[in-house]
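Let's take a walk through this protein, starting with its overall build and ending at its ligand. Keep the picture open while you read.

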Amino acid sequence: CGYCISACPYGVIDQRKDDGRAWKCTLCYDRLGAGMTPACAQACPTESIQYGPLDELRERAAERVETLHERGVSEARLYGHDPHDGVGGDGAFFLLLDEPEVYGLPPDPIVTTRDLPAMWKRAGLAALAMTAATVFAFVGGSS
Ligand code: SF4
């Protein structure tokens with residue numbers, strides 16, 4: 001309906017026609033600081049945008065998905081709600097009515113830095129093995 005777009009004080013949901021730039025959502029930090037809800041959540045007449053404690057929102061969203069399934073919307077699902085997913089869950093999550101790809105979202109997002117410790121460990125072990133092999137070659141070659 002566009003209420004959220006016109007309510008956003010930062011023009012976040014809109015995109016500039018001339019250069020395609022968009023602005024990052026600040027979650028209305030100034031409003032939150034004043035004890036208010038984000039402008040888009042307050043403006044949404046259908047309460048499609050909701051703000052509150054994550055656990056509460058997850059619970060409410062899970063109930064909504066269940067209702068949709070009962071009504072035959074079998075593809076309904078939550079996206080970004082799981083704190084154990086590849087990105088550790090998002091601060092904002094979505095109720096989708098179809099596969100994430102339909103909305104241009106990656107089906108199984110993973111933060112690129114998640115595997116860094118394991119990668120460094122493997123690289124360290126490989127370096128140790130190479131060092132040992134080199135030392136062994138020198139020591140083995142001198143006798
Ligand atoms: S939370 Fe605030 S800044 Fe973010 S999109 Fe909604 S109105 Fe805009």
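Start at the N terminus and follow the chain: the elements run α-α-α-α-β-β-α. That comes to five helices and two strands, where helices (H or I, at least four residues) and strands (E, at least two) are DSSP runs numbered from the N terminus. This is a predicted model, so local features need pLDDT of at least 70, side-chain atom pairs count only at pLDDT 80 or more, and totals for chains, interfaces and linings use all residues. Residues are numbered from 1 along each chain as its sequence is written, and side-chain values use heavy atoms, with hydrogens and water left out.

Now look at the overall outline. Along its principal axes, the C-alpha trace spans about 85 × 40 × 35 Å. Of the 143 residues, 16% count as buried, meaning under 20% relative accessible area, while exposed is over 50% and partly exposed is in between (1.4 Å probe, protein chains only).

Next, zoom in on the loop between helix H1 (3-7) and helix H2 (29-33), where you'll find Leu27. Cys28 is in the loop between H1 and H2 too. Most residues other than glycine have a negative phi. Leu27, though, has a positive phi near 55°, and Cys28 has a positive one near 50°. Are they buried or exposed? Leu27 counts as partly exposed because its relative accessibility is 42%, whereas Cys28, at 6%, counts as buried.

Both residues also turn up around the ligand, in a list including Cys8, Tyr10 and Pro38; being around it takes a heavy atom within 4 Å.
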